[in-house]
Amino acid sequence: MIKISDITEMRRLALSWRQKGLKTVLVPTMGFFHQGHLSLMDMARSLGQKVVVSLFVNPAQFGPAEDLDKYPRDIERDVRLAEQHGVDCIFIPDASDIYNAQHQTWIEVTEVSRGLCGASRPGHFRGVATVVAKLFNIVQPDMAVFGEKDFQQLQVIRTMVRDLDIPVEIKSHPTVREPDGLAMSSRNSYLSPEERKTAVCLFRAIQLARKMIADGERNRETVVKRLYELIHSYKDAKVDYIFLGDPETLAENSHISPPALLALAVYVNRTRLIDNCIISAD
Ligand code: AMP
């Protein structure tokens, strides 16, 4: 596996593969790999001939009061794991190269970025869209793989690619979970053993919503109210938002018409966790 931090070097390598007709798949990440990341790499491996994993903790997608400085990092371990999963190149650029001192160009995906995490984290998706567009320009992959765990992010990227005619095919991978249902996340490493027990409340909320809707409940407020009650019955859990609405437009309606997206963000003390699922009619 080749390890690159220089943008020009990355561009050259990707270009040499393209000239040989090799399909390149990009997996953008912020590192501190868990099985979710590794599954994306395995999927990328099956989709093309060359796999590039980018590892970049993108300052532009963190708010001033967020966890940029304490975001977990272990580059040596990440490099080892990527290599074990057949990755051809790991791209680890410096923030000062990605954002030059005069950087002033930003991508805003307006509608889809507005609600859910976009409402709680102003500027977050502008940072995400911009860095992903830059990574696409540097690597020029045929495809890119994203996790459904970050459902709104996936919709933001799909919308950007559509609107800006970016020639990259976007593939998604289902959420990888711990045995008790907790969605894997680098941020789970912040949780104390007691908080880890509380963290299962997101998955329990998903299960409850699935059951209520399968049993015929179609009133959004009724479902959302029950989910609030369930989550707040767990120690140190506080709902940031619960969204139940259209998976494409990310608009909410008082009547639930499956397939519906349930997406939620919950604080377990100071750690903010997200999860989601698509709920079908049965
Ligand atoms: P991150 O390093 O958290 O920015 O995530 C990098 C990529 O991995 C994103 O496309 C995420 O959606 C995806 N991802 C993160 N956690 C999971 C998970 N538990 N299951 C599947 N994909 C995930």
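Before turning to the helices, I wrote down how an axis is defined here: a helix axis is a line fitted to C-alpha atoms over the stretch in contact, and angles run from 0 to 180 degrees between N-to-C directions. I also noted that this is a predicted model.

**Entry 1: helix pairs**

I began with α9 (residues 201-214) and α10 (residues 220-232), whose axes come within 10 Å and cross at roughly 150 degrees. Angles over 145 degrees count as roughly antiparallel, and α9 and α10 are therefore roughly antiparallel to each other. I looked up the hand of the crossing of α9 and α10 too, and it is right-handed.

Next I took α6 (residues 124-139) and α7 (residues 151-163). Their axes also come within 10 Å, with a crossing angle of roughly 55 degrees. That makes α6 and α7 oblique to each other. For α6 and α7 I again wrote down a right-handed crossing.

**Entry 2: the ligand**

Which residues come nearest to the ligand? I found 18 residues around the ligand, and the nearest of them are His37, Gly147, Asp150, Val176 and Met184.

The side chain of Asp150 has an N or O atom 2.6 Å from an oxygen atom of the ligand. At Val176, a polar backbone atom is 2.8 Å from a nitrogen atom of the ligand. Met30 also takes part through its backbone, where a polar atom is 2.9 Å from a ligand oxygen atom.

How much of the ligand does the protein bury? Taken alone, the ligand exposes 480 Å², and the protein buries 93% of that.

I also asked which elements build the shell. Two or more residues each come from β2 (24-29), α2 (35-47) and β5 (143-147). The largest share, 3 residues, belongs to α2. Sorted by class, I have 8 nonpolar, 8 polar and 2 charged residues in the shell.

A reminder to myself: most residues other than glycine have a negative phi, and most peptide bonds are trans.

With that in mind I stopped at Phe32, which is not a glycine and yet has a positive phi of about 55 degrees. I placed Phe32 in the loop between β2 and α2.

Where is the cis peptide bond? I found it joining Pro258 and Pro259, with omega about 0 degrees. Pro259 sits in the loop between β7 (237-245) and β8 (260-268).

Methods
Residues numbered from 1 in each chain as written. Predicted model: local features only at pLDDT ≥ 70, side-chain atom pairs only at ≥ 80, totals over all residues. Heavy atoms only, no water. Near = heavy atom within 4 Å. Polar contact = N/O pair within 3.5 Å; in protein donor to acceptor, adjacent residues only side chain to side chain. Areas by Shrake-Rupley, 256 points an atom, 1.4 Å probe, with all protein chains shown as cover. Helix = DSSP H or I, 4+ residues; strand = E, 2+ residues; numbered from the N terminus. Nonpolar A, V, L, I, M, F, W, Y, C, P; charged D, E, K, R; others polar. Parallel < 35°, antiparallel > 145°, perpendicular 65-115°, else oblique. Left-handed = near helix turned anticlockwise from the far one by under 90°.
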